[in-house]
Amino acid sequence: MQVSPKVELIRYTEDPEATVALAAKLCYSNRELPDLTENIFEKDNSAFIANLIDMGHLSPVEHASFTFSIEGVSRALLAQITRHRVASFSVRSQRYVSEDSFNYVVPPAIEGLGAAAVARYKGQMDTIMDWYRDWQSALGRGEKSNEDARFILPNACETKMIVTMNARELMHFFELRCCNRAQWEIRNVAWLMFEQAVKVAPNLFRDAGPGCLRGACPEGDKACGKSAEVAARRDSAFERAGKPEKKKSKK
């Protein structure tokens, strides 16, 4: 069955902006921690966070973490997202979980060729499913058969994962993967993650996104020339987020 990406922010540091503010203030204060902590979670830390980011003092930002569930994505995406090494990943195993009726991702370029092309693509997926089942049967089924039968599975095969990144790594992730030069699938996932993150920590991610939003495009002569469109997408995410409520512990 054809699937589309689904991203959900399932856990995050309790009041991430206040946590970052506390960590940063500790660096510059001779006060004791109980004194620093008092009332900080009730204060508006937006101006302090903005100043911290403008200074480039980002180590305190690492104290806020965000955990996402991601499904409806391909094994091809898995190969890309795991290149972000300052992150934690748990991925559904193709060794312990049978893929005898696997879901799959259809690239937009193939969909753009029309219904006949999509039908041809789906037929190829069905054929691969038959090949996979055939090898499962030949290998005796179970964990050992899955382990070797999976070698025939396509990159289109769906995977599911849990991903945790701290806010600083998320900023880096959004800078690279929200860019129009990023591959389409991981770009779509990055924007879905961005939209979820700004709902709970809008001040932390106020300047997040591709480099073209903060100056000249780092892609140089390979720039897409659509920085205004990218900025509008970023602004739309903030508008939809509104003013999020502070939530109870999510970590």
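The report below moves from the whole chain to a few of its parts.

## The chain as a whole

What you see is a predicted model. Its protein chain has a mean pLDDT of 91, with 96% of the residues at 70 or more. One stretch calls for care: over residues 244–251 pLDDT stays under 50, although the model has 19 contacts there beyond four places in sequence. Where pLDDT is low, the predicted coordinates should not be read in detail.

Ten helices and four strands make up the protein chain. Starting from the N terminus, the elements follow one another as β-α-α-α-β-α-β-α-α-α-β-α-α-α. The C-alpha trace spans about 70 × 45 × 30 Å along its principal axes. Of the 251 residues, 41% count as buried.

In what order do the four strands lie in the open sheet? The order is 1-2-4-3, and the pairing is antiparallel. Strand 1 and strand 3 (87–91) are the edge strands, each pairing on one side only. On average, neighbouring strands of this sheet are turned by 20° against each other, direction ignored.

Strand 1 and strand 2 run antiparallel and are joined by six bridges. Glu8, for instance, has Ser69 in strand 2 as its bridge partner. Helix 8 lies across strand 2 and strand 4 (158–166), and runs at about 125° to strand 4.

## Helix 9

Now follow the chain to helix 9, residues 184–200. At 1.5 Å a residue its 17 residues should span 24 Å, and the end C-alpha atoms are 25 Å apart, which agrees. At the start of helix 9, a side-chain oxygen of Gln183 comes to within 3.0 Å of the backbone nitrogen of Glu185.

The buried residues of helix 9 include Ile186, Val189, Trp191, Met193 and Phe194. Glu185 and Arg187 are also among the buried residues. What do the buried residues of helix 9 pack against? Their partners are strand 1 (6–12), strand 2 (65–74), helix 1 (16–28), helix 4 (75–81), helix 8 (167–177) and helix 10 (227–241).

| Residue | Relative accessible area |
|---|---|
| Ser145 | 0% |
| His57 | 17% |

Ser145 is found in helix 7, which covers residues 143–149. Why does Ser145 count as buried? Its relative accessible area is 0%, and buried means under 20%. Leaving aside neighbours within four places in sequence, Ser145 is in contact with Gln136, Leu139 and Gly140. Trp135 is ten residues away from Ser145 along the chain, and the C-alpha atoms of the two are separated by 7.3 Å.

His57 sits in the loop between helix 3 (46–55) and strand 2. With a relative accessible area of 17%, His57 is buried too. Which residues does His57 touch, not counting those up to four places away in sequence? They are Cys27, Tyr28 and Leu52. With Tyr28 there is also a polar contact, from the side chain of His57 to the side chain of Tyr28, at 2.7 Å.

Terms used
Residues are numbered from 1 along each chain as its sequence is written. This is a predicted model: local features need pLDDT of at least 70, side-chain atom pairs count only at pLDDT 80 or more; totals for chains, interfaces and linings use all residues. Side-chain values use heavy atoms; hydrogens and water are left out. pLDDT is the predictor's confidence in each residue, from 0 to 100. Contact means heavy atoms within 4.5 Å. Helices (H or I, at least four residues) and strands (E, at least two) are DSSP runs, numbered from the N terminus. The expected span of a helix is 1.5 Å times one less than its number of residues. Buried means under 20% relative accessible area, exposed over 50%, partly exposed in between (1.4 Å probe, protein chains only). A polar contact is a pair of N or O atoms within 3.5 Å; within protein, one must be able to donate a hydrogen and the other to accept it, and residues adjacent in sequence count only if both atoms are side-chain atoms. Two strands pair if DSSP finds at least two bridges between them. Axes are lines fitted to C-alpha atoms, for helices over the stretch in contact, and angles run from 0 to 180 degrees between N-to-C directions.
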